[in-house]
Amino acid sequence: MLLQVGGKRSALGLLAIRRVWSMSRSAHTTPQTLEYKPIKKVMVANRGEIAIRVFRACTELGIRTVAVYSEQDTGQMHRQKADEAYLIGKGLPPVAAYLHIPDIIKVAKENGVDAIHPGYGFLSERADFAQACMDAGVRFIGPTPDVVRKMGDKVEARAIAFSAGVPVVPGTDGPISSLQQAQEFSNSYGFPIIFKAAYGGGGRGMRVVREYEELEENFQRAYSEALTAFGNGALFVEKFIEKPRHIEVQILGDKYGNVIHLYERDCSIQRRHQKVVEIAPAAHLDPHLRDRLTADSVNLARQVGYENAGTVEFLVDKHGKHYFIEVNSRLQVEHTVTEEITDVDLVHAQLRVCEGRSLPELGLKQDKIRINGYAIQCRVTTEDPARGFQPDTGRLEVFRSGEGMGIRLDSASAFQGAVISPHYDSLLVKVIASGKDLPAASAKMSRALAEFRVRGVKTNIPFLQNVLSNNQFLNGTVDTQFIDENPDLFNLKPVQNRAQKLLHYLGHVMVNGPTTPIPVKAKPSPIDPVIPPVPLGEPPVGFRDVLLREGPDGFAKAVRAHQGLLLMDTTFRDAHQSLLATRVRTHDLKRIAPFVAHSFSNLFSVENWGGLFDISLLIASFPVFVRFCEVAKENGMDIFRVFDSLNYLPNMLLGMEAAGAAGGVVEAAISYTGDVSDPTRQKYSLDYYLKLADELVKAGTHILCIKDMAGLLKPDSGHLLVSALRDRFPDVPIHVHTHDTAGAGVAAMLACAEAGADIVDVAVDSMAGMTSQPSMGAIVACTKGTKLNTGISLEKVFDYSEYWEVTRGLYAPFDCTATMKSGNADVYENEIPGGQYTNLHFQAHSMGLGNKFKEVKKAYAEANKLLGDLIKVTPSSKIVGDLAQFMVQNSLTRAEVEERADELSFPLSVVEFLQGHIGIPHGGFPEPFRSKVELERGKTLHIKALALGDLNKAGQREVFFELNGQLRSVLVKDTMAMKEMHFHPKALKDVRGQIGAPMPGKVVEVKVKQGQQVEKGQPLCVLSAMKMETVVNSPLSGTVAKIYVTADSTLEGDDLILEITE
């Protein structure tokens, strides 16, 4: 074994170097007579974006193009971009197809191909491929086979560099073939060392070893990766230099011995030895060092007679010393940044040089090459940075790129509907940004990446955005350890993905039906309700006749002058909304309506319709709102209860004006919360309500209402509030609405009546109580024979109640009593409105969280505090409820929400509330919570469902939508169909011994057997995805109970690999 360090070499090494130098010199002493031979048709023996890059250059030069593709690539874009496309490697594995030289040459010869461009990777650095092209009479667009062989052989390339006086890193003089040779090298030079593939690059077959214990596993992995990627597992070993900069120089040579450089690129930002971000030129590079790097590169190329494009790669240590690594005798992935700063089209140059043109003929002379600004390339890959950059596969449901001035995109599979396979590289698109300096180029790149929308697979875009905002990067002082030493790069901003989540939900409902089960098995009652007898003729006159005769003002005076307590019956609306989830049919309401008209003519009114409108949306079209009220009035609506969920006066005044203009009775409602009888709760004090009432009476309300949606009015607080209002407004009728959640509704309403309320809301007995209104029968019975006598017959109430008791049985599956057996006085703490209390309780049981309803109620109270203690009436109650459910679903406490408000994706209702969509709450918006929440305006999604697709082999259906005018589709699993299909089992995350695949991929090797004892950390199997191998280690010690995979098994993420019992 020959070991080389700097200027020291063995005698054998010196002879080898002399032989190489002699061969190189002789190659240049023979005059060459060449003629220009145009290329008419080019094949690209590659795939993806590099194939398309070459096709575009050919098209610009008038050259016809040919693509080749594997069986797995039939849907890939590169075959569509070429003039002709042919299948190769039929029956071969995905990578092997592109390595099958006989097929490629056969297609070239049969289809009149003049020249083959190898792209990068695959066969691009295989001398036998270059030779096979020449033997077939097809030109190879690259160096000669001999130069490809020399440069592809890392050992010979090092010897040539050494002979040219270029410093090299200590390493072996030939590929090693055994672990023992690697051990001998490490014994001589110590750790760390690095394995490199002898016949390829791009990070494949490259592994750093820092300890002796890691040597064997890393040798095997490097060998296997190199063999898979390049068809040859030979490895080269070098001493590993810590924290260098990775600088490479672009060279270009012709057939006449002319060689130029196009300056350097900084490729130091790497992960697992794969470049992530490339910059040209290298920032803060000493000019003298630049001169040495470029001079060494040109001399090295001239020494071997290099022609076409290539790259000479160096490591630069912290002392500014540079070491030759290798020559890549092909076009590099990052050639784009060089093109941007030099304005030289490298692929054009490759093609022209292959045709026999000289560099001077092409205008490419060293003194003409200038650096113009800076360029950055980001490799956007389908890898998940949050999971160690594990490759992700699947279908691109959405793809929208970032574009604009200074941005170049090189891509292939980046389009909606593209399938990202595990068989090839994870590169999705190369984004190149150009600017006058590094900060300008960085700003353009950041803006472009922010414009990208990629859905369906994970990408590294959030990670790249963090790199671009890092001060060390912006200062241009990065080395190859940059990613490892900056863990904050992995503090990734979560992707909101709102539209696609919504489409997935809608698609799931369309395919599989609603996901929320009814939590009870109750069946509708088979008994039809019997209508009590209804007298013949017209019903008796009532207060509506007063309204028709005397108008709203006269009606209000009549109400105020009435002796006794008036009742409003909510059975036709709020009662069934609260108890039966608003499922009652108009049919059942119409059947009992005649009986109510004849038997309860002395009611104040019947609530039979609720129109809730966001006034703020109608300010710009006030006449439309007035017209709405007019139509409502024309169709039987008499009294308009106007309220605002925040008691926001501007909204209320608008509603009052519209209702009044339509000729209706205006009942302005004060939405009630808190407790006016509790001196410790002063936000919503008695003085607050009195001042609000002053404004409403001043605005001309006919009736003043207290709207207590959560049922918080206790007898004392009700008496206190009504007494104060009655003293201040002796001539204005007072109407009180509440809910009976705590069970104190009857007592509270009687206290309000004693204090001077004219009207209270009730529901018929069988539809009363719990989250509905207090019992009509109870109020009638308790006031009978007193000054508050309602004048209503209890017998009629009983008949009315019997009808609804039977009717309620028809709606048994939706009845709140199926899950809620009583009200609860804890409403005084959580302040949940009646109807919402019922809905939340039902939802909790539907989702199997009935035993956690206490947590939901607690979260509601905490959410209310977060939002500043709101009055909770539709829609503000929904906002609090949405935030509460968000907290429960994400296991967030109030303190965590406040702390992380700037990074959480809150429900839209919460964001819109903080934007002021429904008005300004009393006391203002909660701070600093509001300032932390990202308030996005103008985000509206227009969605139209179009069609359902047929069932595919994976048990999925494609569901098509139109989203904001663009076609979108999502794949949804058909749960019923999948029950009849066989799928690989998934590892259950809550079962400790089940080991799942950390990423999609193919099983390369299973390293254990059933029944074998394994230790924690022991390798279990090896997965390969996108030509990179990952070892799955055991998370625990135990016995292998069962193995579910074999070598060559294809797995999806989380597929079960094996089970271990402790």
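**Exercise 1.** Decide whether Phe853 is buried or exposed.

*Solution.* Start with the cut-offs: buried means under 20% relative accessible area, exposed over 50%, partly exposed in between (1.4 Å probe, protein chains only). Phe853 comes out at 5% relative accessibility, so Phe853 is buried. Next, Tyr837 has a relative accessible area of 2%, so Tyr837 is buried too. Then try Val530: at 65%, Val530 is exposed.

A word on the source: this is a predicted model, where local features need pLDDT of at least 70, side-chain atom pairs count only at pLDDT 80 or more, and totals for chains, interfaces and linings use all residues. Residues are numbered from 1 along each chain as its sequence is written, and side-chain values use heavy atoms, with hydrogens and water left out.

**Exercise 2.** Classify the aromatic pair of Phe543 and Phe555.

*Solution.* Rings of Phe, Tyr and Trp (its six-membered ring) pair if their centres lie within 6.5 Å; planes under 30 degrees apart are stacked, over 60 edge-to-face, the rest tilted. Here the centres are 6.2 Å apart and the planes at 85°, so this pair is edge-to-face. Phe543 and Phe555 are both buried. Now do Tyr837 and Phe853: with 5.5 Å centre to centre and 85° between the planes, this pair is edge-to-face as well.

**Exercise 3.** Find which residues Val736 touches.

*Solution.* Contact means heavy atoms within 4.5 Å. Leaving out residues up to four places away in sequence, the partners of Val736 include Ile706, Leu713, Met749 and Ile759.
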